[in-house]
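Work through these exercises with the model open beside you. Try each task before you read its solution.

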Amino acid sequence: MKKTIITLVIIGAIITGIIVLLSDSGDDSYEVPVLNETDDEVAFVRRYVPSVTVTNVSYADSLQEVGRALISGDTLTTGNSGYAMVLFLDESIARVSPSSQMVIRSELNPEKNLNLRTHVGMLLGGMFLDVESNPNREFEITTTRAVASVKGTRFGVTADDKIWVEEGEVEVTIRETGEVRSLGNKMYLQVEEDGTVDSGELTDQELADLTDEYQILESDLIERQMKIQFRNRSGDPVEEQIRVFEQSDSSNE
């Protein structure tokens with residue numbers, strides 16, 4: 001009898017959880033668009049600072065060289081000190097900050113050489129983007145509480161629902177209410193946990209602080225091997241080689 005009661009309680013808890021999940025998803029005013037996804041390459045990792053990993057249902061790879069191709073559905077994750085520069089086929093650029101994670105989905109044109117519809121889910125951290133302006137192409141970023149539809153701009157997005165614009169225009173939809181706001185040069189918007197929205201204009205210093213973080217990706221990085229020596233628990237000397245990345249003096253590609 002006791003086992004029967006316990007079983008019924010567990011089943012009831014599961015059903016309750018399913019109902020809660022369904023009701024939560026029903027409150028969202030935005031659904032992730034359904035794209036015509038294939039295994040075609042939709043973007044490339046142009047530059048990176050270790051560590052950066054790319055995962056999908058069939059693989060989990062730590063980046064070892066630049067030029068890594070990304071396909072629709074890939075998840076890119078940066079480590080605590082990792083950065084990545086992702087170049088899309090339409091020449092849009094996403095610079096990803098440390099401790100970030102994003103899922104890339106994109107639909108290509110029939111020739112497979114241009115992104116027609118791109119959707120990036122920002123799960124952790126943040127990124128700074130240059131998106132090419134073209135009325136025939138779509139580029140969206142989603143966070144927990146907001147959707148940024150890009151018209152062609154330089155702008156930033158964080159997973160905790162902050163969108164800011166250096167130049168250009170971004171249309172932001174508040175997922176809970178469906179309210180749409182337009183952000184222009186030097187404007188920002190922050191959706192708080194309680195659903196309230198804070199917005200305004202950034203000072204030149206605030207804007208510089210937001211963009212400076214990504215400057216490491218604007219210079220070439222030189223890989224060097226460094227030897228470190230230490231003693232193990234037995235007191236024996238141990239030598240190990242590690243990879244370090246330094247900015248070069250040249251700005252040439």
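This is a predicted model: local features need pLDDT of at least 70, side-chain atom pairs count only at pLDDT 80 or more; totals for chains, interfaces and linings use all residues.

**Exercise 1. A charged pair**

Does Glu 179 count as buried, partly exposed or exposed, and why?

- Step 1: Read the accessibility of Glu 179, which is 34%. Buried means under 20% and exposed means over 50%. Glu 179 therefore counts as partly exposed.
- Step 2: Classify Arg 181. Its relative accessible area is 26%, so Arg 181 is partly exposed.

**Exercise 2. A salt-bridge network**

Solution. 
- Step 1: List the members. They are Arg 95, Asp 130, Arg 154, Glu 166 and Glu 218.
- Step 2: Take Asp 130 and Arg 95. Their side chains meet in a salt bridge at 2.6 Å, N to O. Asp 130 is in strand β10 (residues 126-131) and Arg 95 is in strand β7. The two are 35 residues apart, and the pair links distant parts of the chain. Asp 130 and Arg 95 are both buried.
- Step 3: Take Arg 154 and Glu 166. Their closest N and O atoms are 2.3 Å apart. Arg 154 lies in strand β12 and Glu 166 in strand β13, so the bridge ties together parts twelve residues apart in sequence. Arg 154 is partly exposed, at 24%.
- Step 4: Side chains of opposite charge can pair when their charged atoms come close.

**Exercise 3. The partners of β13**

How many bridges join β13 to β12, to β14 and to β15?

Solution. 
- Step 1: Start with β12. It pairs with β13 in the antiparallel sense over eleven bridges. Ala 148 has Val 172 in β13 as its bridge partner. The hairpin has three residues between the strands, and Asp 161 takes a positive phi near 70°.
- Step 2: Go to β14 (residues 180-183). Four bridges join β14 to β13, again antiparallel. Here the bridge partner of Val 172 is Arg 181. This hairpin has five residues between its strands, and Gly 178 in the turn has a positive phi of about 80°.
- Step 3: Finish with β15 (residues 187-191). Three bridges join β15 to β13, and the strands run antiparallel. Trp 164 stands opposite Tyr 188 in β15.

**Exercise 4. A loop residue**

Where is Asp 90 placed, and which residues does it touch beyond four places in sequence?

Solution. 
- Step 1: Locate Asp 90. It is in the loop between β6 (83-88) and β7 (93-96).
- Step 2: Check burial. Asp 90 has 8% relative accessibility, so it counts as buried.
- Step 3: List the contacts. Asp 90 touches Leu 114, Asn 115, Glu 132 and Arg 137. A polar atom of the Asp 90 side chain also lies 2.9 Å from the backbone nitrogen of Ser 92.

**Exercise 5. Nonpolar cores**

How many residues has the largest nonpolar core?

Solution. 
- Step 1: Count. The largest core has 38 residues. Leu 76, Val 86 and Phe 155 are among those with the most contacts inside it.
- Step 2: Look for another. A second, separate core of six residues includes Phe 128, Leu 202, Leu 207 and Tyr 214.

Definitions and conventions
Residues are numbered from 1 along each chain as its sequence is written. Side-chain values use heavy atoms; hydrogens and water are left out. Buried means under 20% relative accessible area, exposed over 50%, partly exposed in between (1.4 Å probe, protein chains only). A polar contact is a pair of N or O atoms within 3.5 Å; within protein, one must be able to donate a hydrogen and the other to accept it, and residues adjacent in sequence count only if both atoms are side-chain atoms. Contact means heavy atoms within 4.5 Å. A nonpolar core is a set of buried Ala, Val, Leu, Ile, Met, Phe, Trp, Tyr and Cys residues joined through side-chain atoms within 4.5 Å. A salt bridge is a side-chain nitrogen of Lys or Arg within 4 Å of a carboxyl oxygen of Asp or Glu. Two strands pair if DSSP finds at least two bridges between them.
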